[in-house]
Amino acid sequence: MASHRRPKQPSRARVTVLTTAAAAAVAFSSQAANAAPSEKPSKDEVKTKVDKLYEEAEQATEKYNGAKEKQEKLQKEISTIQDNVARGQEELNELRDSLGLAAASQYRTGSIDPSVQLFLSANPEDYLDKASTLDQLSSQQVEALKKVQEKQRELAQERAEASEKLKDLASTRTELGKKKKEVQGKLSSAQKLLNSLTAAEKAALAAEQSRASRASERDALDIDVPPGSGRAAAAFAFAQSQLGKPYVYGATGMSSFDCSGLTSRAYAAAGMQIPRTSEAQSQIGTKIYSTSQLKVGDLVFFFNDLHHVGLYAGNGQIIHAPRTGTVVRYESMGTIGGPFMFGVRV
């Protein structure tokens with residue numbers, strides 16, 4: 001006859017642990033479900049974060065521009081030095097050849113003197129140190145050997161200078177690469193945030209930007225460029241002709257611009273070369289701290305580190321290349337996102 005035993009019941013402690021774990025799992029799932037919607041940032045939160053990333057990208061862009069400008073300057077300087085060294089070496093070779101011919105002539109006549117023998121020892125400096133003891137040394141030979149010595153010294157200095165600049169160039173190229181990665185990283189992060197928005201949210205953001213742009217354009221209709229205002233007016237006219245062209249970091253035209261790329265190109269078109277970066281541009285001309293004293297075409301700088309610049313357009317407006325995702329446009333100085341620091345009359 002089969003035996004029927006009552007199943008063994010789990011211990012009270014085990015029941016308590018399992019019950020607690022199950023309750024915790026349910027609570028966690030409930031919290032996760034409730035938290036999931038709030039984890040996705042709102043459209044306004046995304047806009048705030050994106051604007052901040054774009055500002056940081058522009059800061060990095062101006063540093064990138066500075067490193068790029070330094071690189072180009074160093075390359076020109078190195079090229080000039082290398083050309084000088086090449087010409088100097090040719091001159092040195094000619095000097096040595098002329099002395100060599102004199103030595104050969106003396107050798108053929110059997111009258112090569114100790115002075116030439118010492119020169120041919122490949123150490124003219126040592127020769128000159130000992131030359132005072134040689135009565136046979138002619139004034140012409142002394143002059144020729146001094147020229148050789150001076151040319152050797154010049155070449156040694158120029159080669160040392162080129163070597164230092166090449167080291168500086170390598171360091172600048174490394175810095176340039178880092179700044180480029182920094183800019184690209186900021187822009188990539190901003191794009192990921194924008195991609196997280198729904199189609200409706202993206203459309204709403206675009207509509208907001210369009211309304212702001214139209215408002216600035218309406219305000220700009222009253223702008224009157226004073227006639228005969230010289231290069232400032234010419235620079236402003238150039239900037240006007242670029243309205244609608246996209247912002248691209250590091251760009252100086254003609255298909256796209258960044259902020260200081262637009263201003264430097266505008267003044268170049270007006271016949272005046274100004275520095276490439278916004279920080280360097282802030283150091284030229286006459287500073288103007290009152291907005292009421294600004295004139296059309298003045299450079300205007302924003303943010304404490306001066307990483308943004310535009311051209312004053314009158315009525316509290318500027319023409320500038322704002323940031324990635326925008327175009328060259330009019331905009332109210334009050335909507336730039338950073339404080340007005342000062343203007344510069346070039």
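These legends describe close-up views of a predicted model. Local features in this predicted model need pLDDT of at least 70, side-chain atom pairs count only at pLDDT 80 or more, and totals for chains, interfaces and linings use all residues. Residues are numbered from 1 along each chain as its sequence is written, and side-chain values use heavy atoms, with hydrogens and water left out.

**View 1. The largest pocket holds about 500 Å³ of space.** A pocket is an open set of points on a 1 Å grid over the protein atoms alone, where a 1.4 Å probe fits, with protein on both sides within 12 Å along at least five of seven lines; lining residues have an atom within 4 Å of a point. Grid points are joined across faces, edges and corners, and the volume is the space filled by probe spheres set on them. There are 24 lining residues, and the closest to the centre of the largest pocket are Arg 323, Arg 329, Glu 331, Thr 335 and Ile 336. At least two lining residues come from each of α2 (43-108), α6 (199-220) and β5 (329-332). Helices (H or I, at least four residues) and strands (E, at least two) are DSSP runs, numbered from the N terminus. Nine charged, eight polar and seven nonpolar residues make up this lining. Here Ala, Val, Leu, Ile, Met, Phe, Trp, Tyr, Cys and Pro count as nonpolar, Asp, Glu, Lys and Arg as charged, and the others, Gly among them, as polar.

**View 2. The second largest pocket holds about 430 Å³ of space.** Its lining has 15 residues, with Glu 69, Glu 72, Gln 273, Ile 274 and Arg 276 nearest the centre. Both α2 and α8 (259-269) supply at least two lining residues, and the largest share, six residues, comes from α2.

**View 3. Tyr 64 and Tyr 249 form an edge-to-face aromatic pair.** Five aromatic pairs are found in the whole structure. Rings of Phe, Tyr and Trp (its six-membered ring) pair if their centres lie within 6.5 Å; planes under 30 degrees apart count as stacked, over 60 as edge-to-face and the rest as tilted. In this pair the centres are 5.6 Å apart, with 70° between the planes. Tyr 64 belongs to helix α2 and Tyr 249 to the loop between α7 (230-241) and α8, so the pair links parts of the chain 185 residues apart. Tyr 64 is buried (under 20% relative accessible area, against over 50% for exposed and in between for partly exposed; 1.4 Å probe, protein chains only), with 10% relative accessibility. Tyr 249 also counts as buried, at 18%.

**View 4. Phe 301 and Phe 342 form a tilted pair.** Their ring centres are 5.6 Å apart and their planes meet at 45°. Phe 301 is in strand β2 (residues 299-302) and Phe 342 in strand β6 (residues 340-345), 41 residues apart. Both residues are buried. Ring pairs join Tyr 289 to Phe 301 and Phe 342 in a cluster.

**View 5. The largest nonpolar core has 44 residues.** A nonpolar core is a set of buried Ala, Val, Leu, Ile, Met, Phe, Trp, Tyr and Cys residues joined through side-chain atoms within 4.5 Å. Val 50, Leu 194, Tyr 267, Leu 299, Phe 301 and Ile 319 have the most contacts inside this core. Elements that each supply at least two core residues include α5 (139-195), α7, α8 and β3 (308-314). Helix α2 gives the most, eight residues. In soluble globular proteins, nonpolar side chains tend to be buried together.

**View 6. Helix α8 is largely enclosed by the rest of the structure, because eight of its 11 residues are buried.** Among the buried residues are Cys 259, Leu 262, Thr 263 and Tyr 267. Thr 263 has 0% relative accessibility and is in contact (heavy atoms within 4.5 Å) with Ile 274, Gln 281, Leu 299, Val 309, Gly 310 and Leu 311, not counting residues up to four places away in sequence. After α8 comes Gly 271, whose phi is positive, near 90°.

**View 7. Thr 61 is in helix α2.** Thr 61 is buried at 1% relative accessibility. Leaving out residues up to four places away in sequence, Thr 61 touches Val 183, Tyr 247, Tyr 249, Gly 250 and Asp 258.
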